[in-house]
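Hello,

Here is the structure I promised to pass on to you. Have a look at it first, and then read on for my notes on what turned up.

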Amino acid sequence: MKYLKILFGCLLCFLGKEGISQQHLSKTWSISTGIVFNAKGGNATIHYHLNSFDELRLNFYGISQTYFLPSSEIGFPLKTNSLSLEFSKGYKFRRLKKATSYFGMGFFWGKEKFKNNELPANNLFGISTFHETEYAPFNWGALFTRFNMLIPLSFNKSKILRLTFGTRFYF
């Protein structure tokens with residue numbers, strides 16, 4: 001909750017400022033961190049800008065959730081870590097000069113394991129798709145909302161839909 005308050009505070013501070021979003025230079029880097037709202041956990045992403053709006057992303061998610069057995073009220077703590085390599089295409093809004101929208105797709109790999117359980121970890125792999133909307137109040141930083149959907153090609157128990165809010169920094 002503390003992270004959310006800081007995020008909204010930054011948004012309110014910079015909403016009234018004039019200016020356009022960051023320049024999106026080619027062959028530069030950015031990094032983003034965020035919190036996952038529909039599970040406990042976080043996200044970290046390294047972005048490499050191929051040109052003004054196209055990116056290659058290396059994305060890490062670490063989440064914890066409670067998994068309920070089918071037709072039962074017994075819940076077990078489930079820890080999931082996943083890594084994905086994605087390509088994204090960015091689009092600039094004409095009227096909202098500080099906002100950018102990204103659509104992307106890639107592949108993910110990961111492991112899920114029940115905490116305090118002797119069962120082996122379950123390997124995950126599949127296709128990752130996402131939509132991200134970014135608001136950039138200043139040239140070196142932005143706030144984003146990302147909706148990520150995983151299409152697993154293996155059996156999984158963890159959530160496949162992830163809603164992430166966070167900050168992104170350009171360097």
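Of the 171 residues in the protein, 40% are buried. Please keep in mind as you read that this is a predicted model. The mean pLDDT of the protein is 83, with 85% of its residues at 70 or more. Strand E5 has the highest mean pLDDT among the elements, at 93, whereas helix H1 (residues 2-14) has the lowest, at 54. For residues 15-21 the pLDDT falls below 50, and in the model this stretch has 13 contacts beyond near neighbours in sequence. I would read that part of the picture with some caution.

Now to the fold. The secondary structure consists of 1 helix and 8 strands, and from the N terminus on the elements follow the order α-β-β-β-β-β-β-β-β. The 8 strands close into a barrel, in the order E1-E2-E3-E4-E5-E6-E7-E8, and their pairing is antiparallel. From one strand to the next, the twist averages 25 degrees. As you know, strands of a sheet pair through backbone hydrogen bonds, either parallel or antiparallel. As for contacts between residues at least 6 apart in sequence, 57% of them join residues at least 24 apart.

Two of the strand pairings can be followed in detail. Strand E6 (residues 122-138) is joined to E7 by 11 bridges, and the two run antiparallel. E6 and E7 make a hairpin, with 2 residues between them, and Phe138 stands opposite Gly141 in E7. On to the next pair: strand E7 (residues 141-152) and strand E8 (residues 161-170) are antiparallel too, paired over 9 bridges. Here Leu143 has Thr167 in E8 opposite it.

A search of the whole structure gives 5 aromatic pairs. One of them is Phe76 with Phe114: the ring centres are 6.0 Å apart and the planes stand at 70 degrees, which is over the 60-degree cut-off, so this pair is edge-to-face. The two residues come from distant parts of the chain, 38 residues apart, with Phe76 in strand E4 (residues 75-92) and Phe114 in strand E5 (residues 99-114).

Which of these residues is buried, and which is partly exposed? Phe114 has 14% relative accessibility, and because the limit for buried is under 20%, Phe114 counts as buried.

Finally, two arginines are worth a look beside the tyrosines. The charged end of Arg57 sits over the ring of Tyr102, at 5.1 Å from the ring centre. Likewise, the ring of Tyr61 has the charged end of Arg162 over it, 5.0 Å from its centre.

That is what I have for now. I look forward to hearing your thoughts.

Best wishes

Terms used
Residues are numbered from 1 along each chain as its sequence is written. This is a predicted model: local features need pLDDT of at least 70, side-chain atom pairs count only at pLDDT 80 or more; totals for chains, interfaces and linings use all residues. Side-chain values use heavy atoms; hydrogens and water are left out. Rings of Phe, Tyr and Trp (its six-membered ring) pair if their centres lie within 6.5 Å; planes under 30 degrees apart count as stacked, over 60 as edge-to-face and the rest as tilted. Helices (H or I, at least four residues) and strands (E, at least two) are DSSP runs, numbered from the N terminus. Buried means under 20% relative accessible area, exposed over 50%, partly exposed in between (1.4 Å probe, protein chains only). A charge sits over a ring if NZ of Lys or CZ of Arg is within 6 Å of the ring centre and within 35 degrees of the ring normal. Two strands pair if DSSP finds at least two bridges between them. Axes are lines fitted to C-alpha atoms, for helices over the stretch in contact, and angles run from 0 to 180 degrees between N-to-C directions. pLDDT is the predictor's confidence in each residue, from 0 to 100. Contact means heavy atoms within 4.5 Å.
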